[in-house]
Amino acid sequence: MKNELRIPGVSGSLHPGPRAVRSRSAATLALLSFAMMIVSLDQYIVVVALPDMGHDLGYSAQTLQSVVSVYAVASSGFLLFGGRAADLLGRRRMLLVGLTLYALASLAGGLATTPLIQLIARAVQGFGGALVFPSTLALINTTFAEGRDRNRALAVWGGSGAAGLVVGVLLGGVLTRAFGWEAVFFVNVPLVGAVFVWTLFLIDADPPRDRTRMFDLPGALTATGAITLLVFALVQGADLGWGSPVIFAAAAVGLLLAVAFVLIEGRSGDPLLPPRLLVNGSLRMAVAIAFMFMTTFGSLLYFLSIYFQDVLGYDALETGIAFLLPTVVVVAGSTVGGRVVTLIGLRRTLTLALSIGAAGAVALGLATSPDGSYVTLIPGLIAVSIGDGVIFTAMFIAAATGVRDREQGVASAIASTGSGVGAVVGLAILVLVANAGTEGLLGDGLRVAMAEGISHAIFVVAGGIVATLLIAHIAYGKGHLPRHEV
C-alpha cells in the first residue's frame, strides 16, 4: 500500500508516523549516498598506488595509466545500459547486481599477479559502477519529491559523490603506505558487503516488471559499443598514436555504431532515449555541464596528485593527507549546494559556483611552480573545491528536473555518461598540454618542466570552467530551461 512502512522481519505493515517516515528516508539517503561514494572514490583511489603497482606487476610506462582509464572506459560505456536496466528490471535489483560485481572485481584486482588480470578486474569494476550509479540516483529521484526535498537529498548524495573523487586519493595514499597497493582494491570488499546487506533490509523489493515496455537491446548494445569504442580511442590515442590502425578502427566502428543507434532509436516503439528526454532543456544543459565538470574539475585531481609526488616529492601518505583540505571543502560545498539552488535557483547557483571555481583554478595555476609549497596552494584549493562541490550537486538537480519517475534511471545515466566521457576527454587533452615540454628530460630538468606543464594544464582548466559558465548562460538566455529555474 502506498503509505505503509514495511519493517524487516515483521509480517504485515504499519502506518508510520512522520518521525518514522523521516527516519526511514534519512536511512535510505545515507545508504544510497554511501554506495555512490564507493563508486566515485574508486575512479582515483589507485592514482597514488600506481608507482608501487607498476613495479610489482610489471606495467610499462605506457600501460600503467590504463589502470585508471580502463575503469573510465567501462563505466562510461555501460551507463546507458545500466540506467535502462534500472528502469525496467528494477532499481534495487540492479543496485545489488552492481554491488556484487564491484566486490568480486575488487577482490580479483587485489589478488592480480599480472597486468592483464588486473585490467580485466578494473573493467568489471567499471561495469558494476555503471549499474550502481544510475540506480542510486534514480532511487533518490523517485523517493524524494521534486523541489526542496529532492534538492536537499541530492546535496547529500552529490556531496558523497564529489567527495568520493577526492577521498579516493586521500584513502589511496593512506592505504598504500600502511598496507601496500593491494589494499586500494581490498578495501572495497567490506564496504560493498555492508551496503549490500543494508540494501536488502532497507530498500523495498522492486515491483513486478512492466511487460508493456521493451528493453531495447539493439539500442543498448549499439549505444554501449559506440561510447566504449570512442572513449577507448580518446584514452589510448596519445599513447598508441592518433594515426594508429587500432585507434582509427576503434573510432570508425564507434561512429558507425553511433549512427546505427540513431537509426534504431528512430524506429523503436519504446526507445532507450525517449524523444521527450532529448527535448528537456534542463537535462541537455546538465549533460553539457557534467561533461565540462569532469573535463575541468575532475581532471585537476590527477594533476595535483602528480604535482605533489613528482614535483614536491611527497610520498603516498603525504599526498593523501594533502587532499584532506579539499575533501572537507568539497563535502561542505556539495552539502549546501542543494540549499543554495532552492534559495536562489539554478542559474544564479551555477554562475556563483563556476565563477569561484574559475578564480580558484587561476590561483592554483599561478601557485604551481617547481619551488612551490602547499601553503601557496591553499587559496586556490579552497576556491576550486567550493565550486567542485556545489556544481556536482547542481548539475544532477538539473538532470532530474522535469523527468518522469519511470525514466529517472535513463536520465541519470545520460548525465552520468556526459561526466564519464568528460573525464576521459579532459585527461586526454590536458596530459598532452602538461607533457608538451618534458620529452627527453631527466632529473631536476624534468621536475621543472613537469611543474610548468601542470601549471599550463591548470590554466586550460580555468578556461574550461569559464566556457562552462558561458554554456549555462547561453542555455538560459535562449529560454531552453523552465522559467522556475531562472
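This is a predicted model: local features need pLDDT of at least 70, side-chain atom pairs count only at pLDDT 80 or more; totals for chains, interfaces and linings use all residues.
Local features were considered at pLDDT of at least 70 and side-chain atom pairs only at pLDDT 80 or more, whereas totals for chains, interfaces and linings use all residues. Residues are numbered from 1 along each chain as its sequence is written, and side-chain values use heavy atoms, with hydrogens and water left out.

Two cavities of 30 Å³ or more are present in the structure. A cavity is here a set of points, on a 1 Å grid over the protein atoms alone, where a 1.4 Å probe fits but cannot get out, and lining residues have an atom within 4 Å of a point. Grid points are joined across faces, edges and corners, and the volume is the space filled by probe spheres set on the points. The largest cavity holds about 270 Å³ of space. Its lining comprises 20 residues, and those nearest the centre are Gln 43, Ser 75, Phe 133, Ser 419 and Gly 420. At least two lining residues come from each of helix H1 (18-41), helix H3 (66-77), helix H6 (115-143), helix H16 (374-400) and helix H17 (408-435). Helices are DSSP runs (H or I, at least four residues) numbered from the N terminus. By class, the lining of the largest cavity contains 12 nonpolar, eight polar and no charged residues; Ala, Val, Leu, Ile, Met, Phe, Trp, Tyr, Cys and Pro count as nonpolar, Asp, Glu, Lys and Arg as charged, and the others, Gly among them, as polar.

Ser 75, one of the residues nearest the centre of the largest cavity, is located in helix H3. Ser 75 counts as buried because its relative accessibility is 14% (buried, under 20% relative accessible area; exposed, over 50%; partly exposed, in between; 1.4 Å probe, protein chains only). Between the C-alpha atoms of Ser 75 and Val 375, which are 300 residues apart along the chain, the separation is 36 Å.

The second largest cavity has a volume of about 80 Å³. Its lining is formed by Val 166, Phe 297, Leu 300, Leu 301, Leu 304, Phe 323, Pro 326, Val 330, Leu 381, Val 384, Ser 385 and Asp 388. Helix H13 (281-311), helix H15 (324-367) and H16 each give two or more residues to the lining of this second largest cavity. Its residues divide into 10 nonpolar, one polar and one charged. Leu 301, among the lining residues, belongs to helix H13 and is buried, with 7% relative accessibility.

Six salt bridges are found in the structure, a salt bridge being a side-chain nitrogen of Lys or Arg within 4 Å of a carboxyl oxygen of Asp or Glu. One of them joins Asp 204 and Arg 24, with 3.0 Å between the closest N and O atoms. Asp 204 lies in the loop between helix H9 (188-202) and helix H10 (217-240) and Arg 24 lies in helix H1, so the pair ties together parts 180 residues apart in sequence. Asp 204 is partly exposed at 44% relative accessibility, whereas Arg 24 is buried at 19%.

A salt bridge also links the side chains of Arg 177 and Asp 315, at 2.7 Å from N to O. Because Arg 177 is in helix H7 (residues 148-179) and Asp 315 in the loop between H13 and helix H14 (316-322), this pair ties together parts 138 residues apart in sequence. Asp 315 is partly exposed, at a relative accessible area of 29%.

For Arg 447 and Asp 371, the N to O distance in the salt bridge is 3.9 Å. Arg 447 lies in helix H18 (residues 443-477) and Asp 371 in the loop between H15 and H16, so the pair ties together parts 76 residues apart in sequence. Asp 371 is exposed, with a relative accessible area of 70%. Asp 371, Asp 444 and Arg 447 are linked in a network of salt bridges.

Helix H18 also contains Gly 463, which is partly exposed at a relative accessible area of 41%. Gly 463 and Val 362 are 101 residues apart in sequence, and their C-alpha atoms are 8.9 Å apart in space.

Leu 111 lies in helix H5 (residues 91-111) and counts as exposed at 56% relative accessibility.

Definitions and conventions: On a 1 Å grid over the protein atoms alone, a cavity is a set of points where a 1.4 Å probe fits but cannot get out, and a pocket is an open set with protein on both sides within 12 Å along at least five of seven lines; lining residues have an atom within 4 Å of a point.
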